[in-house]
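Here is a report on a predicted model. Take a look at the structure before reading on.

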Amino acid sequence: MRKFWALLTREIRSYFYSPIAYIVLIFFLLVSGVDFYFQISYMNQRAVEYTVQEAFFNSVFSGSLLS
C-alpha cells in the first residue's frame, strides 16, 4: 500500500506542474456552475418535486463529467 501512495502522490504532483491540470479544473468548475445555475433557474420558474441536491447530483450532465 505504501508503494501505491508514493506513486499516487508523485503522479498527482507531476500533474499539477503542468498547466493542463488547471485548465481541466477550471473547465470542470465552469461547467458545474453553469449546470447548477440552469437547474436553479428552472426550479424557480416551475414547481418541482425534487430538491436542489437531487437536481444537481442526479443531473445527466454532472454525472457524465464525474464518470
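## An aromatic cluster

Tyr15 is partly exposed, because its relative accessibility is 36%. Partly exposed sits between buried, under 20% relative accessible area, and exposed, over 50%, with a 1.4 Å probe and protein chains only. Phe16 falls in that class too, at 34%. Phe16 is in the loop between α1 and α2.

Which residues form one aromatic cluster with Tyr15? Phe16 and Tyr22 do. Rings of Phe, Tyr and Trp (its six-membered ring) pair if their centres lie within 6.5 Å; planes under 30 degrees apart are stacked, over 60 edge-to-face, and the rest tilted.

## Ring pairs

The whole structure holds four aromatic pairs. One of them joins Phe4 and Trp5: ring centres 5.4 Å apart and planes at 70°, so the geometry is edge-to-face. The pair Tyr15 and Phe16 is also edge-to-face, because its centres lie 5.7 Å apart and its planes stand at 80°.

How accessible is Phe4? Phe4 has 45% relative accessibility and is partly exposed. Trp5 is partly exposed, with a value of 45%.

Residues count from 1 along each chain as its sequence is written. The model is predicted, so local features need pLDDT of at least 70 and side-chain atom pairs pLDDT 80 or more, while totals for chains, interfaces and linings use all residues; side-chain values use heavy atoms, leaving out hydrogens and water.

## Chain overview

The protein chain has four helices and zero strands. Along the sequence, the pattern reads α-α-α-α. Helices (H or I, at least four residues) and strands (E, at least two) are DSSP runs, numbered from the N terminus.

The chain has 67 residues, and 15% of them count as buried. Its accessible surface is about 5900 Å². Carbon and sulfur atoms account for 69% of that surface. Areas come from the Shrake-Rupley method with a 1.4 Å probe; for residues, only the protein chains shown count as cover.

## Helix α2

α2 has 27 residues. From first C-alpha to last, α2 reaches 39 Å, close to the expected 39 Å. The expected span is 1.5 Å times one less than the number of residues.

Which residues of α2 are buried? Ala21, Val31, Ser32, Asp35, Gln39 and Met43 are. An α-helix has 3.6 residues a turn, so residues three or four places apart point the same way.

## The nonpolar patch

A nonpolar surface patch covers about 1000 Å². Its members include Tyr15, Phe16 and Tyr22. Ile12, Ile20, Ile23, Val24, Leu25, Ile26, Phe28 and Leu29 are also among them. Patch residues have over 30% relative accessible area and no salt bridge; like charges are joined within 9 Å, and nonpolar side chains (Val, Leu, Ile, Met, Phe, Trp, Tyr) within 5 Å. A salt bridge is a side-chain nitrogen of Lys or Arg within 4 Å of a carboxyl oxygen of Asp or Glu.

Which helix gives the largest share? α2 does, with eight residues. α1 (2-15) and α2 (19-45) each supply at least two.

## The loop between α2 and α3

Val48 sits in the loop between α2 and α3 (52-57). Val48 is partly exposed, at 26% relative accessible area. Tyr50 lies in the loop between α2 and α3. Tyr50 is partly exposed, at 32%.

Contact means heavy atoms within 4.5 Å. Neighbours within four places in sequence aside, Val48 contacts Tyr42 and Met43. With such neighbours again left out, Tyr50 contacts Tyr42, Met43 and Ala55. Met43 is one of the buried residues of α2.
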